[in-house]
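This briefing goes through selected features of one protein model, grouped by topic. Please keep the sequence and the structure in view while reading.

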Amino acid sequence: MNFFPFRKKTNSGTKSGHLLGPMPLFSSLTPEELSLIEQKSRIVGFKRGDIVYQEGTPAEAFYIIISGRFRLFTRARGAEPEATLLYFYRGEHFGETSLLTGNVHSASVEAKTDAVALTISAENFHKLLQEIPSLAIHLSRSLGRHLTREELGYSSHRREVRIAAFYSAANTEGMARFLCDFLNVLKAETRQKILLMDLSDELGAHLPNDFRREGESGFDLKEMDPSQEGAIQKAILASETSFDYLRFTNNDARDTEEKKFATLLTHLTYHYDYLLIYLPERSTPVTVKALNYSDRVYLWAEKRTDVFTFADKKVTELCDDFGFGKNEIKIILPLQEDGDPAPDGKEAMPEIRLFTMPPSLQSHRYRYEKTITFLAREWSERLVGLVLGSGAAYGLSHIGVLRVLEEEKIPVDIIAGSSVGALVGALWAAGYDSHEIEKIAKSLDKKNVFFKLLGFRDISAFYRGFFKGNQILRFLSEHFRDTTFKDLKIPVKMVATDLLTSEEVVLDSGSVVNALRASISIPGFLRPAQHKGSYLIDGGIVGPLPVRVLADMGVRRIIAVNVLPGPKELIERNEIRRKAFHQSFQRQGHWKKVIAKTLDRLQRRYTSNIFNVVMNSIMFGSFEVARMEGSGADVYIHAAVPDAHWIEFYSADKFIQEGMKKTREQLAEIRQLLVE
């Protein structure tokens, strides 16, 4: 019998590709292909303000961002000031346009933060394109999106235009209503120009009357010249308050004139910021061209069975033939009247968005609007993610961070948390404000903290952990009751650790209480939580600050809060306590000095108890991991109280004040992040 089944999954025969696997560009590659890329690349670090390359210089390398943020900009010329064109974030890449076209760089790139990038020389870049066809397909889509005005006689500066394709399993009023609501919310969020292009002959009948015009025949690719401004504008149904609509005439040219379609698309990218192309299910040269220009795809699954037929087939086709990654495909599934279907899908299936169509119940309407707003902010790269790290009582500093975010009205769209960070984040997402969470924290004092969270009845057989965890479950249930992740007002991702494989497990469905019980299962203290045939322990073991969880989802603006004390804080704590003891000792008489020395020796001996040994060992190792993970965030807040102990759940005030203080120190940086 194997009493200690600690092991790690391994991929035999090749390198694991752990550095490249989560990145969208490489998500569809095999382990062998990932290993080949690792061999032909190198990691380069950049300091804030470093210039990666200058406009006008020849292309020397291809860059994939591992951590940090970069800015693409043009230098000032005469009366024209310096202009920022766009920002690049973790998982994105740049430099490929000049490598593929053979032109010099049309703009410069600067590191906006300390950053790390994977670089591939020009020579190795072209070799990889020959050896990995799927990589070439993905980059051809990238080149299609990153159009230059030179094609239309404008300046050569690149302009970022977001293009998405939309497929539907059924053309229904519900689908059309969602599409209109989604684009209207996108318009309200971005205040930019949006065009819906209809390549089918079925969408128009389900759109509101605003998008129907008597005698309107649409754009005829066979008869009309796509380079003529007048012909295009005449076919577009424009709206000042909503999105514009362009329907294509139903004839053979709609399926075969891919060159004319590409010319039209190129023209439209200099009049619109967002293009959503509604595609028929059948594949034609025009739909292939549309997908080559698209940066993401939305799949409307009208009912649950569509996920396993229509959507599954499309996902496979999009990944294999067009190089789309998992995060670039979103399946939209409305809830049925008989309840939440919660389809399981396959491991490789993209995230499925579930919501209830209005207007039945107010809670349903809220969920519907929340989903659409999240999708709109996600596509426009406006999502703000908050990462709350592990740290036992140190995690009460998160309450102070939330207090400042509330007071300054800083929006948060999604939360990732580990251990106590998951707990505080879940309370906030469930609707408790920082003052209510503070009240919950202060309900624990020196007299009752043990009995409220643990208690003698909760003592377990020591070979599994000192405590069963049932008392903590009861405490959590008082505040969450039967809350599920779908009931939360803000999406939350909780991190736990698989005891058998050491893998990071992200919990985001089902019971919030059960997920929290797993994420806070401190090894040795609480029994591991059972989960799908395995056991989960504290998320802080492998993911004390889970920045990567949000970065891999495509969240571009991440605020990370690390509350773990580092060597500096621990040295400061010992110095504070040594000085306090010395000052108190000098003021006392002989016998009191003897008693004080005795108590000090006992306290030092107590410091090496098994609980301190376990917790400090975990936190010492976790601090460096958290600090490294924090380097991938846009704003990194280190809110660790020097003069504190991990068990001080009864001293909420000093932790909350530290969280508020550290967050206010970086308010300017947070506000700057929101406007970039």
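Strand 19 and strand 20 form a hairpin with five residues between them, and Ser502 in the turn has a positive phi of about 65°. The model is predicted: local features need pLDDT of at least 70, side-chain atom pairs count only at pLDDT 80 or more, and totals for chains, interfaces and linings use all residues. Residues are numbered from 1 along each chain as its sequence is written, and side-chain values use heavy atoms, with hydrogens and water left out.

**The hairpin**

- Strand 19 (residues 492–498) and strand 20 run antiparallel and are joined by four bridges; two strands pair if DSSP finds at least two bridges between them.
- Thr497 has Glu504, in strand 20, as its bridge partner.
- Buried means under 20% relative accessible area, exposed over 50%, and partly exposed in between (1.4 Å probe, protein chains only).

**Overall make-up**

- The protein contains 23 helices and 24 strands; helices (H or I, at least four residues) and strands (E, at least two) are DSSP runs numbered from the N terminus.
- Of its 676 residues, 54% count as buried.
- Among contacts (heavy atoms within 4.5 Å) between residues at least 6 apart in sequence, 74% join residues at least 24 apart.

- Eight strands make an open sheet in the order 11-12-10-13-9-14-15-16, with mixed pairing.
- Its edge strands are strand 11 (236–237) and strand 16 (352–355), each pairing on one side only.
- Strand 9 (residues 162–168) and strand 14 (residues 296–300) run parallel and are joined by five bridges.
- Ala164 stands opposite Arg296 of strand 14.
- Helix 8 (residues 258–268) lies across strand 10 (194–198), strand 11, strand 12 (244–247) and strand 13 (274–278), and runs at about 165° to strand 10.
- For such angles, axes are lines fitted to C-alpha atoms, for helices over the stretch in contact, and the angles run from 0 to 180 degrees between N-to-C directions.

- Four strands form an open antiparallel sheet in the order 1-8-3-6.
- Strand 1 (42–46) and strand 6 (93–94) are the edge strands, and each pairs on one side only.
- Six bridges link strand 3 (residues 61–67) with strand 8 (residues 115–121), and the two run antiparallel.
- Ile65 has Ala117, in strand 8, as its bridge partner.
- Helix 3 (residues 122–131) packs on the sheet, touching strand 3 and strand 8, and its direction makes about 70° with that of strand 8.

**Loop residues**

- Most residues other than glycine have a negative phi.
- Arg191, in the loop between helix 5 (173–190) and strand 10, has a positive phi near 55°.
- Arg191 is exposed, with a relative accessible area of 73%.
- Ser419, in the loop between strand 18 (414–418) and helix 13 (420–429), has a positive phi of about 60°.
- Ser419 is buried, with a relative accessible area of 7%.
- Glu381 is buried because its relative accessible area is 17%, under the 20% limit.
- Not counting residues up to four places away in sequence, Glu381 touches Tyr89, Glu92, Arg162, Arg556 and Arg557.

**Cavities**

- A search of the whole structure finds three cavities of 30 Å³ or more.
- On a 1 Å grid over the protein atoms alone, a cavity is a set of points where a 1.4 Å probe fits but cannot get out, and lining residues have an atom within 4 Å of a point.
- Grid points are joined across faces, edges and corners, and a volume is the space filled by probe spheres set on the points.
- The largest cavity has a volume of about 110 Å³.
- Its lining has 13 residues, and Ser390, Gly391, Asp538, Met615 and Ile618 are the closest to its centre.
- Helix 21 (residues 610–630) supplies the largest share of the lining of the largest cavity, four residues.
- The lining of the largest cavity divides into seven nonpolar, five polar and one charged.
- Ala, Val, Leu, Ile, Met, Phe, Trp, Tyr, Cys and Pro count as nonpolar, Asp, Glu, Lys and Arg as charged, and the others, Gly among them, as polar.
- The second largest cavity has a volume of about 80 Å³.
- Residues lining the second largest cavity include Tyr89, Arg90, Arg556 and Asp634.
- By class, the lining of the second largest cavity has five nonpolar, three polar and three charged residues.

How values were computed. 1 Å grid on protein atoms, 1.4 Å probe; cavity = no way out; pocket = protein on both sides within 12 Å on 5 of 7 lines; lining within 4 Å.
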